[in-house]
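Hi everyone, thanks for making time this morning.

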Amino acid sequence: MVEIECTTCGTDEYLRGERQPDDTIELTCEQCGATWIRDPRPSCARCGGTEMEAAPRVIVEKSRGSQMSIQGIQREFLCRVCDADQISARRDGHLPQRLPGSE
Ligand SMILES: [Zn+2]
Ligand SMILES: [Zn+2]
């Protein structure tokens with residue numbers, strides 16, 4: 001789920017999105033009537049580039065004992081320039097074999 005809320009009234013429940021031909025999304029708030037354009041294409045915070053790649057990240061939490069349980073999958077974006085290493089590492093295996101920070 002993408003977290004979007006109306007910039008005018010703050011609701012996140014009455015929003016309707018319509019994809020535009022240029023791949024942006026026009027959002028309409030059915031509560032207050034505001035419309036705005038959301039550009040779903042992210043840009044890199046480090047180099048400002050828009051060559052981003054969606055990368056699913058598995059959210060895992062430790063439950064009882066050493067059991068790990070999958071809480072969900074979050075989509076994050078990696079920069080093809082700054083995160084080239086990570087992108088190629090992710091391509092090797094669909095799910096990470098080792099969890100970050102569990103070493
Ligand atoms: Zn609104
Ligand atoms: Zn970058």
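Cys 29 counts as buried, at 1% relative accessibility. Buried here means under 20% relative accessible area, exposed means over 50%, and partly exposed is in between, using a 1.4 Å probe and protein chains only. Cys 9, in contrast, is partly exposed, with a relative accessible area of 34%.

Before I go on, a word on where this comes from: the model is predicted, so local features need pLDDT of at least 70 and side-chain atom pairs count only at pLDDT 80 or more, while totals for chains, interfaces and linings use all residues. Residues are numbered from 1 along each chain as its sequence is written, chains are lettered from A and ligands numbered from 1 in the order in which they are written, and side-chain values use heavy atoms, with hydrogens and water left out.

So what coordinates the zinc ion (ligand 1)? Cys 6, Cys 9, Cys 29 and Cys 32 do, each through SG, at 2.3 Å. Donors are N, O and S atoms within 2.8 Å of the metal (3.2 Å for Na, K and Ca), and because water is not among the atoms, sites may look incomplete. Along the chain, these donors follow the spacing C-x2-C-x19-C-x2-C. Cys 9 lies in the segment before strand 1 (15-19) and Cys 29 in strand 2 (residues 25-29), so the pair ties together parts that are 20 residues apart in sequence. Strands (E, at least two residues) and helices (H or I, at least four) are DSSP runs, numbered from the N terminus.

Why is the arrangement around ligand 1 tetrahedral? Because the four donor atoms subtend angles of 106 to 115 degrees; four donors count as tetrahedral if all angles lie between 85 and 135 degrees.

Now for the zinc ion (ligand 2). Its donors are the SG atoms of Cys 44, Cys 47, Cys 79 and Cys 82, at 2.3 to 2.4 Å, with the spacing C-x2-C-x31-C-x2-C. The angles here are 103 to 114 degrees, which makes this arrangement tetrahedral.

Finally, let's step back to the whole chain. How many helices and strands does the chain have? One helix and five strands, in the order β-β-β-β-β-α along the sequence. Buried residues make up 17% of the 103 residues.

That's my tour, and I'm happy to take questions!

Methods
Tetrahedral: all angles 85-135°; square planar, octahedral: opposite > 155°, others 65-115°.
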